[in-house]
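Welcome, and please get your viewer ready.

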Amino acid sequence: MDWVYLVIAGLLETAWAGSMKLSHGFSRLWPSVATIVLMVASFALLSLAMRKLPLGTAYTVWTGIGAVGAVLVGIFFLGESASVQRLVCLALIVTGIIGLRMVS
């Protein structure tokens with residue numbers, strides 16, 4: 001169950017990063033509220049996952065999921081570049097996340 005918490009926490013990190021972008025520097029009310037709620041939920045699930053998972057593994061997987069998710073949101077919804085170099089870097093992050101899962 002700890003890994004489920006961790007994956008959901010990482011997905012929520014992606015969501016709060018996206019809502020933060022939509023908040024325009026916390027100048028829009030509802031995207032700002034969504035950002036804060038999603039942040040709290042993400043941190044709460046991360047803390048639950050960290051009860052049993054090692055700190056380094058949990059934090060790295062959480063940030064990795066958030067980073068990959070944020071880049072994918074940028075590519076698919078915000079018109080950011082999907083260059084080969086960016087995709088290779090994303091593949092390296094995903095490989096690291098899978099590797100940490102396999103050794104934990």
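Start by finding the backbone oxygen of Ala-9: a polar atom of the Ser-42 side chain lies 2.8 Å from that oxygen. Keep in mind throughout that this is a predicted model.

Now select Ser-42 itself. You will find Ser-42 in helix H2, which covers residues 29-49. Is Ser-42 buried or exposed? Ser-42 counts as buried because its relative accessibility is 0%, and the cut-off for buried is under 20%.

The side chains of Ser-42 and Trp-62 are joined by a polar contact of 2.9 Å. To see what else surrounds this serine, show Ala-9, Leu-12, Glu-13, Trp-16 and Trp-62: Ser-42 touches these residues, leaving aside those up to four places away in sequence.

For the second stop, move to helix H1, residues 2-22, and pick out Thr-14. Thr-14 has a relative accessibility of 11%, so this residue counts as buried too. Which residues does Thr-14 touch, not counting those up to four places away in sequence? Select Ile-65, Gly-66, Gly-69, Ala-70 and Val-73, and you have the contacts of Thr-14.

The last stop is Met-102, placed in helix H4 (residues 84-103). Met-102 is exposed because its relative accessible area is 68%, where exposed means over 50%. Finally, draw a distance between the C-alpha atoms of Met-102 and Trp-3: they are separated by 12 Å, although the two residues are 99 residues apart along the chain.

Note on methods
Residues numbered from 1 in each chain as written. Predicted model: local features only at pLDDT ≥ 70, side-chain atom pairs only at ≥ 80, totals over all residues. Heavy atoms only, no water. Helix = DSSP H or I, 4+ residues; strand = E, 2+ residues; numbered from the N terminus. Buried < 20%, exposed > 50% of the residue type's maximum accessible area, 1.4 Å probe, protein only. Polar contact = N/O pair within 3.5 Å; in protein donor to acceptor, adjacent residues only side chain to side chain. Contact = heavy atoms within 4.5 Å.
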